[in-house]
Amino acid sequence: MTITATPPETAAPEAPEPTGRTRVALRRFAASTNAVVGAAALLLLFLLAFGGPYLTHWSHTDIDYSALRQAPSATHWWGTNRIGQDVYAQVLHGLQKSLLIGLLVALFATVLASVVGACAGYFGGWTDRLVTFFIDLLLVFPAFLIIAIVSPRLRDTGWLAFVGLLAVFGWMITARVVRSMTRSLKERDFVRAAELMGVHPLRIIFRHILPNVSSFLIVDATIAVGGAVMSETGLSYFGFGVQPPDVSLGTLIADGSGAAVTYPWMFFFAAGLLVVFVLAVNFLGDGLRDALDPTSGQHRRRRRRKGTTHDRAAR
Amino acid sequence: MTAPHADADPPVLDITGLHVDFDGAPAVRGVDLALRRGEVLGLVGESGSGKSTVALAAMGLLPRTARVRGSVRAGGTELIGAGDRELSRLRGRRMAMVFQDPLSALTPVHRVGDQIAEAVRTHQDVGRVHARRRAVELLDLVGIPDPEHRSRAYPHEFSGGMRQRAMIAMAIANDPDVILADEPTTALDVTVQAQVLEVLRTAQRETGAALLLVSHDLGVIAGMADRVAVMYAGRIVESAPAPELFAAPRMPYTMGLLGAVPRPGSRVLTPVPGAPPELRLLPRGCAFAPRCPLADDTCRTAEPELAGPEEHRTACVKAPEIAARDLAATDVYPVDEPAPVRAVTPRGELPAVLRVEGLTKTFPLLKGAAFGRRVGSVHAVDGVDLDIRRGETLGLVGESGSGKSTTLLEILRLAAPEAGEVEVLGHRTSELTKRQIKALRGSVQIVFQDPMASLDPRQPVGEIVAEPLRAQGADRGAVARRIPELLRLVGLEAAHAARFPHEFSGGQRQRIGIARALAVEPRLLVLDEPVSALDVSVQAGILNLLRRLKDELGLAYLFVSHDLSVVRHIADRVSVMYLGRTVESGAVEEVFARPRHPYTQALLSAVPVPDPVAERSRSRVLLAGDPPSAVLRAEGCGFVGRCPVYAGLGAGDRARCAGERPVGEVACHFPQPRPFPAA
């Protein structure tokens, strides 16, 4: 195309401002339907969780003794449970907790995993050995037991400490994968080129290594969101984590699962919102991955479209 | 030499009207080929031209997703549409294939001898013992030393050249009528390539089979083929007997291809502009028209058929005109004149950009996983001397494993070497402070071999090019101004800054790599095999660009390559490495015309020349065996095991070779100047 021996004297009229990676990624993100749908759904869930409770005068702790196990009606929009609590208020309160716990745990765990894993893989040697040893140590700890022992002592600090605990025990496997990916990336010429240009090692990690493992990190983080909600449920069921009268989607689902067939509203509103939440995160993750990876999806689609138009033209 | 005549005997392989589509994208668009017994047909083309697909289609090895039309007849049997059972009966017996990558073509868990014996037993009703004996015979035929013993080895115990020999042995096990060789020597070093080609020649002569040799290397084709067919965009565009095709090509693409290969005597290369078309989006008319300087409206309306006399057919409407006017590549393609020779300053007065003396680098061989015990050393670099003056190009030549890349990395590390001395722009690397190192990093830049791997796939080109500037602490404004300037300097457009590397062709990517290296205005550019991953026509464009940049910017190059003709074309001085040591260095003309070290002589004679007449008449020094392992450090000369001179020496001289390390410009105790019909 432009394999000319001498540079063309007639330069492009005005050189457009070179677009940075962030701007390119944002543009691609906005262009992807998946991403926009996911982001919108997530935003709506947040609005619902934090704005919804103001629409009803019931709070999640109120008990209406006159309405036990009542089907959805004008007074109790999503019905009541077996002790007469309003399901709408409870589900929204639970959604608040689950949204925050799910997203924050996934975020903390992924950030921790990517930084630690990339550093271990990039620097190698003793850093690597120490970090791998530490990771292996954490992996053999029975995480469930430790959280069970520690969380009652942290009750006063509230759910944030719980988020921290879940994150601390959820990053190791991701970190190991990031470490091995980094080790193979480190051998690639573009990393070597950056080293030979004198780019600072941490800068190389953040500009070259992490963007190139981002596809994996995003997929892993979207799975981690679901996983965090689930492990929170499990812990809460056994009496750790979120404790009554506080509720989360997990505790609500656990409570309502027995009544799923007979009193479906106790179960399906909570379960439905959890499904929507996890799906939205997955869509968002998909879109984000496509936006950050210039070679993915869209490109292929564009080429195919080009091919068909050509075929039509040829005919 | 001359092709056997058409009516003499029926073709053993007859391909007519072959079309192959992958998911609706054409890969081969109407190919006709006929091979007769004992004939060697060379199929040449650049990557993506469909040459390998033709070979695979002939074997019936295409994946299921491929749609194949046309006819492939082997000895009268139609292969297209034939069942698996039918094909299995023919494959290996009537036609056999030698693949490019011999490591993946041999099963790693079976012994080599057993694999060959299996090929024998599949098609012949013989006993196990007999088949084993036949396998050993075949290994002996392809020149494997001690075949009885080696037949019990596993593929990983063989070197690349030996594996390819084993593949050839397997291919000829059942005396096939046709041998298909798909880039059989591309993965090998030149000296090994020469051996394997010799074996292929022997194998073909012994079996009397027809050989379809698929290659992108015009030199290999020139040395082997009787007839040559040139492929472009899925079609054959020219076919002729080899001497005629190389002497008087008629199709502009062939002319460009031949003109793009560096060869002795020609100082200008003719790159073919542009890149091969995407086969989904072929233009109407001749597929080559968009890149062809002679194209006019007739070319763009209809695709020309392969026409002309039986002996020399071309698919080009301009062919008669080219023949009549006797045009050469330089008449057809625009070439930039080589810069006038600069005022010659005596070399000694020019300031040294890089000086390396006795550089050494060893890697420990460790045993045990966590706490490795050192059990030996790999002497990757063991005494390398280099000297580059301002504005000079030094070609560093050697086969794989000779320590070229390690040498480069040791220099670029800018740290104190294990032994010896590295001096960059007058600074000894052993005495640098951190600040000085940082400043020097800007003066020495590198261009890598693989343009795809050396560019971060997640960064837009603008950021890639800006990286060294940022590393040197340039401010935002300066960076933004410099990017379009750099892209234009290497022949790209400023608007390309927003695109990602995968949107460019191989040649353009390499230009981006060069732009990145030039960003901080270096004094020395280290080029690590910068053109070996590129097609010939694109390679010529990059070489011309490097030459122009050197003249304009006064750069010095350290140009590492295994391709001697490229080095000869671009370098002023050359330094030959063998087993981590410099064995010969000097001015390019001098070394290439009168090599004195036996290794240099062998290396030069192994390089195929894209000229059938010269290629077939010149004398060769064929080296035996493969380069030895770098784990065992030779006390004396490292070349004794393969040296043709050593073989003819007396006991006293031999002791000197083996025990005393040769030094000097020609590191040999018995240098013999020998005039060469050079590469």
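Which residue is the bridge partner of B:H19 in β4(B)? The partner is B:R69. The views below come from a predicted model.

**View 1**
Four strands make an open sheet in the order β2-β1-β4-β5 (chain B), with antiparallel pairing. The edge strands are β2 (25–35) and β5 (77–78) of chain B, and each pairs on one side only. Strand β1 (residues 13–22) and strand β4 (residues 66–74) of chain B are joined antiparallel by 8 bridges. The pair B:H19 and B:R69 belongs to this view. Helix α1 (residues 51–59) of chain B packs on the sheet. This helix touches β1, β2 and β4 of chain B, and its direction makes about 115° with that of β1(B).

**View 2. Chain B as a whole.**
Chain B holds 26 helices and 21 strands. Its radius of gyration is 26 Å, close to the 26 Å that the globule rule gives for 679 residues, so chain B is as compact as a globular protein of that length. The C-alpha trace of chain B spans about 75 × 70 × 55 Å along its principal axes. Of the 679 residues in chain B, 53% count as buried. Among contacts in chain B with a separation of 6 or more, 69% join residues 24 or more positions apart.

**View 3. Strand β3 of chain B, covered on both faces.**
Strand β3 (residues 40–44) of chain B is mostly covered, with 5 of its 5 residues buried. Which residues point one way from β3(B), and which the other? B:V40, B:G42 and B:V44 point one way. B:L41 and B:L43 point the other way, and all are buried. In a regular strand the side chains alternate between the two faces of the sheet. Strand β8 (residues 210–215) of chain B runs parallel to β3(B) and is joined to it by 5 bridges. Here B:V44 has B:S215 in β8(B) as its bridge partner. Strand β9 (residues 227–232) of chain B also runs parallel to β3(B), through 4 bridges. In β9(B), B:R227 is the bridge partner of B:L41.

**View 4. The nonpolar core and B:L213.**
The largest nonpolar core has 285 residues. Which of them touch the most other members? They are B:I116, B:V178, B:L212, B:L213 and B:L558. The largest share of this core, 18 residues, comes from helix α3 (residues 87–123) of chain A. In soluble globular proteins, nonpolar side chains tend to be buried together. Leaving aside neighbours within four places in sequence, B:L213 is in contact with residues that include B:V40, B:L41, B:G42 and B:L43. B:A181, B:I221, B:M224 and B:A225 are also in contact with B:L213.

**View 5. A mixed sheet of chain B.**
The 6 strands of this open sheet follow the order β17-β18-β19-β14-β20-β21 (chain B), and the pairing is mixed. β17 (444–447) and β21 (581–587) of chain B stand at the edges, each with a single partner strand, so one side of each lacks a neighbour in the sheet. Neighbouring strands are turned by 15° against each other on average, direction ignored. Strand β18 (residues 524–528) and strand β19 (residues 556–561) of chain B pair in the parallel sense over 5 bridges. B:D528 has B:V560 in β19(B) as its bridge partner. Helix α23 (residues 598–606) of chain B packs on the sheet, touching β20 (573–578) and β21 of chain B. The direction of α23 makes about 105° with that of β20(B).

**View 6. Chain A and the two sides of its helix α1.**
Chain A has 12 helices and 0 strands. Buried residues make up 41% of its 315 residues. In helix α1 (residues 21–31) of chain A, A:V24, A:A25 and A:R28 are buried. Why do they lie on the same side of α1(A)? They cover an arc of only 95° around the axis, which puts them there. The face turned away from this buried side carries the exposed residues A:T22, A:R27 and A:A30.

**View 7. A:D128 in helix α4 of chain A.**
A:D128 sits in helix α4 (residues 125–140) of chain A. Its 17 C-beta neighbours inside 10 Å make A:D128 partly exposed. Leaving aside neighbours within four places in sequence, A:D128 is in contact with A:A120, A:G121 and A:F123. The C-alpha atoms of A:D128 and A:P245 are separated by 45 Å, and the two residues are 117 residues apart along the chain.

Notes. Residues are numbered from 1 along each chain as its sequence is written. Chains are lettered from A and ligands numbered from 1 in the order in which they are written. This is a predicted model: local features need pLDDT of at least 70, side-chain atom pairs count only at pLDDT 80 or more; totals for chains, interfaces and linings use all residues. The radius of gyration is taken over C-alpha atoms; the globule rule is 2.2 Å times the number of residues to the power 0.38. A residue is buried if 20 or more other C-beta atoms lie within 10 Å of its own, exposed if 12 or fewer, and partly exposed in between; C-beta atoms are placed from the backbone. Two residues are in contact if their C-beta atoms, placed from the backbone, lie within 7 Å. A nonpolar core is a set of buried Ala, Val, Leu, Ile, Met, Phe, Trp, Tyr and Cys residues joined through C-beta atoms within 7 Å. Two strands pair if DSSP finds at least two bridges between them. Axes are lines fitted to C-alpha atoms, for helices over the stretch in contact, and angles run from 0 to 180 degrees between N-to-C directions. The arc is that of the directions from the helix axis to the C-beta atoms.
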